[in-house]
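Q: Hi, I have a structure open and want a quick tour. Can we go through it together?

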Amino acid sequence: MNLILLGAPGAGKGTQAEVICDKLQIPAISTGNIIREALKNGTELGQKAKSYMDAGSLVPDEVVIAIIKERLAQEDCKNGFILDGFPRTVPQAEALDAMGVVIHKVLDIEVPDETIQKRLSGRRVCESCGASYHVDFKPSSKGEMCDKCGGKLVIRKDDQPETVKERLKVYHESTEPLCDYYRKAGKLTVIEGQEEVAQTSALVLKALEA
Ligand code: ADP
Ligand code: ZN
């Protein structure tokens, strides 16, 4: 199954992507993680993306489209994949269609802006593997270290309050129109993000069975 997860930054797309990945054994592909990895490795792509990302703006369409094209061509995507954070604009969705990529379902995880602000301020990510945590809602059992790989947990630069405000604005302007795009295509399921991660996961898995 080829899936897209939509939702504001901090809606929990990454967390739910992992849950689906475990359940269906298909890769979860996060453009944000791919870009952060490139940044860490000092590649040309990373350098190109850095200023946009730090400001809370979107990286130009042609850059992320090229990333996704390359990633989806890899062997492990043959039996399906979960896109987390792509597409984020209508032109990106159109590019996916133009590549001939068939999307079976699009899940939109809806969470109010106030909740987002609260969540992102407590978010921590693993410097090494990119796993995501929250100091209150999803702490690592190893404290300041990653449960999965022992890496150091850090605050993302774009999780600062001012940048979060900008990211939410960008989300409403550029990404939310995708709900209509996929609703018209008959592919959209809206999921109300719950307070408990597990409750949201239950709704997500139910939506995949339907
Ligand atoms: P979140 O969903 O929490 O905002 P991501 O890790 O998905 O975080 O993305 C972080 C940043 O990476 C975005 O703010 C943007 O700058 C860049 N980015 C990721 N995916 C895309 C995309 N599809 N189009 C443009 N920019 C992107
Ligand atoms: Zn880790």
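A: Let's start with a helix pair. H6 crosses H7 in a right-handed way. Keep in mind that this is a predicted model.

Q: Where do H6 and H7 sit in the chain, and at what angle do they cross?
A: Helix H6 covers residues 113-121, and helix H7 covers residues 161-175. Their axes cross at roughly 140 degrees and come within 10 Å.

Q: What do we call that arrangement of H6 and H7?
A: At that angle, H6 is oblique to H7. The cut-off for roughly antiparallel is over 145 degrees.

Q: Why quote both an angle and a distance?
A: Because two packed helices are described by the angle between their axes and by the distance between those axes.

Q: OK. What about H1 and H9, how do they pack?
A: Helix H1 is residues 13-24, and helix H9 is residues 197-209. They pack at about 55 degrees, and their axes are 10 Å apart. H1 and H9 are therefore oblique to each other.

Q: Which hand does the H1 and H9 crossing have, left or right?
A: H1 and H9 make a right-handed crossing.

Q: New topic: the ligand. How many residues surround ligand 1?
A: There are 20 residues around ligand 1. The closest are Thr31, Arg36, Ser57, Gly85 and Arg167.

Q: Which helix gives the most to that shell?
A: Helix H2, residues 31-40, gives the most, with four residues.

Q: And what classes of residue are in the shell?
A: Seven are nonpolar, six are polar and seven are charged.

Q: Which polar atoms come up against the nitrogen atoms of ligand 1?
A: Thr31 has a side-chain N or O atom 2.8 Å from a nitrogen atom of ligand 1. Gly85 has a polar backbone atom 2.8 Å from a nitrogen atom of the ligand. On the oxygen side, a polar side-chain atom of Arg156 lies 3.1 Å from an oxygen atom of ligand 1.

Q: How much of ligand 1 does the protein bury?
A: The protein buries 96% of the 550 Å² that ligand 1 exposes when taken alone.

Q: Let's switch to the backbone. Where is the cis peptide bond?
A: A cis peptide bond joins Phe86 and Pro87, with omega about -5 degrees. Pro87 lies in the loop between strand E3 (81-84) and helix H5 (90-98).

Q: And what is the phi of Gln25?
A: Gln25 has a positive phi of about 55 degrees, although Gln25 is not a glycine. Gln25 sits in the loop between H1 and strand E2 (28-30).

How values were computed. Residues numbered from 1 in each chain as written. Chains lettered and ligands numbered in written order. Predicted model: local features only at pLDDT ≥ 70, side-chain atom pairs only at ≥ 80, totals over all residues. Heavy atoms only, no water. Near = heavy atom within 4 Å. Polar contact = N/O pair within 3.5 Å; in protein donor to acceptor, adjacent residues only side chain to side chain. Areas by Shrake-Rupley, 256 points an atom, 1.4 Å probe, with all protein chains shown as cover. Helix = DSSP H or I, 4+ residues; strand = E, 2+ residues; numbered from the N terminus. Nonpolar A, V, L, I, M, F, W, Y, C, P; charged D, E, K, R; others polar. Axes fitted to C-alpha atoms, helices over the stretch in contact; angles between N-to-C directions. Parallel < 35°, antiparallel > 145°, perpendicular 65-115°, else oblique. Left-handed = near helix turned anticlockwise from the far one by under 90°.
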